[in-house]
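Thanks for coming, everyone. Please look at the screen, and I'll walk you through this one.

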Amino acid sequence: MLGKENLGSLTLISGEVSATISANYIVRISSTAGEMILPTGVADPIAGVVDADVAAGDPGEVQYQGMAYCVASGAIACGARVGVDNANPGKVRAFASDPTTAATIVGDALSAAATDGDIFLVMLKIQNTFSI
């Protein structure tokens, strides 16, 4: 079984959240300096994945490279390319193929997810794309 090793992280010194964010959710930086929020659009620029629950008003740490656990919004096969699911903020979904319209790729699934809410391992390859 694959394990997880934290190969890189970005500590947001003033990275407070205005609402609680659960562990393993993807986040983006808001327009308020130093604040993390859940992405709401499929092409939102992603900062990374929150490793632990962050309570409202508290600072948090975001992992942006290496392997990270993410929360699935549905079934995801091992090896699938995953990205932002704008219908389920903070969760990721599988792309049927590489996106050809604006989208944010989070990475590649290193394990499978069977259903909404499953936590699975992802090799982070965060990138915004507008056409592949």
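How many disulfides does a search of the whole structure find? The count is 0. Keep in mind that this is a predicted model.

Let's look at two cysteines anyway. Cysteine 70 is buried, because its relative accessible area is 0%, and the limit for buried is under 20%. Cysteine 78 is exposed, because its relative accessible area of 53% is over 50%.

Now to strand 2. This strand covers residues 26-29. Strand 4, residues 48-50, runs antiparallel to strand 2, and 2 bridges join them. Within that pairing, valine 27 sits opposite glycine 48. Strand 3, residues 36-37, also runs antiparallel to strand 2, again with 2 bridges. Here arginine 28 has isoleucine 37 as its bridge partner. Between strand 2 and strand 3 there is a hairpin with 6 residues between the strands.

Next, charges. Side chains of opposite charge can pair when their charged atoms come close. How many salt bridges are there here? The count comes to 4.

Arginine 28 forms a salt bridge with aspartate 44, and the closest N and O atoms are 3.1 Å apart. What does this pair tie together? Arginine 28 is in strand 2 and aspartate 44 is in the loop between strand 3 and strand 4, so the pair ties together parts that are 16 residues apart in sequence. Are these two buried or exposed? Arginine 28 is buried, and aspartate 44 is buried too.

Move along to lysine 91. Lysine 91 forms a salt bridge with aspartate 116, with the closest N and O atoms 2.8 Å apart. Lysine 91 lies in the loop between strand 7 and strand 8, and aspartate 116 in the loop between strand 9 and strand 10, so this pair ties together parts 25 residues apart in sequence. The two ends get different labels. Lysine 91 counts as buried because its relative accessible area is 13%, with the limit at under 20%. Aspartate 116 has 42% relative accessibility, so aspartate 116 counts as partly exposed.

Then comes lysine 125 with aspartate 108. Their side chains meet in a salt bridge at 2.6 Å, N to O. Lysine 125 is in strand 10 and aspartate 108 is in strand 9, 17 residues apart. Lysine 125 is partly exposed, at 40% relative accessibility. Aspartate 108 is buried, at 13%. There is a network here as well: salt bridges link Arg81, Asp108 and Lys125.

Last topic, the nonpolar cores. In soluble globular proteins, nonpolar side chains tend to be buried together. Which residues have the most contacts inside the largest nonpolar core? They are Ile26, Ile76, Val82, Val92, Val106 and Phe120, in a core of 17 residues. Strand 6, strand 7, strand 9 and strand 10 each give two or more residues to this core. Strand 10 gives the most, with 3 residues.

Zoom in on valine 92. Leaving out residues up to four places away in sequence, valine 92 touches a list of residues that includes Ile26, Cys70, Ile76, Val82, Val106 and Phe120. So we come back to cysteine 70, the buried one.

Definitions and conventions. Residues numbered from 1 in each chain as written. Predicted model: local features only at pLDDT ≥ 70, side-chain atom pairs only at ≥ 80, totals over all residues. Heavy atoms only, no water. Pairing = 2+ DSSP bridges. Helix = DSSP H or I, 4+ residues; strand = E, 2+ residues; numbered from the N terminus. Buried < 20%, exposed > 50% of the residue type's maximum accessible area, 1.4 Å probe, protein only. Disulfide = S-S within 2.5 Å. Core = buried A, V, L, I, M, F, W, Y, C linked by side-chain atoms within 4.5 Å. Contact = heavy atoms within 4.5 Å.
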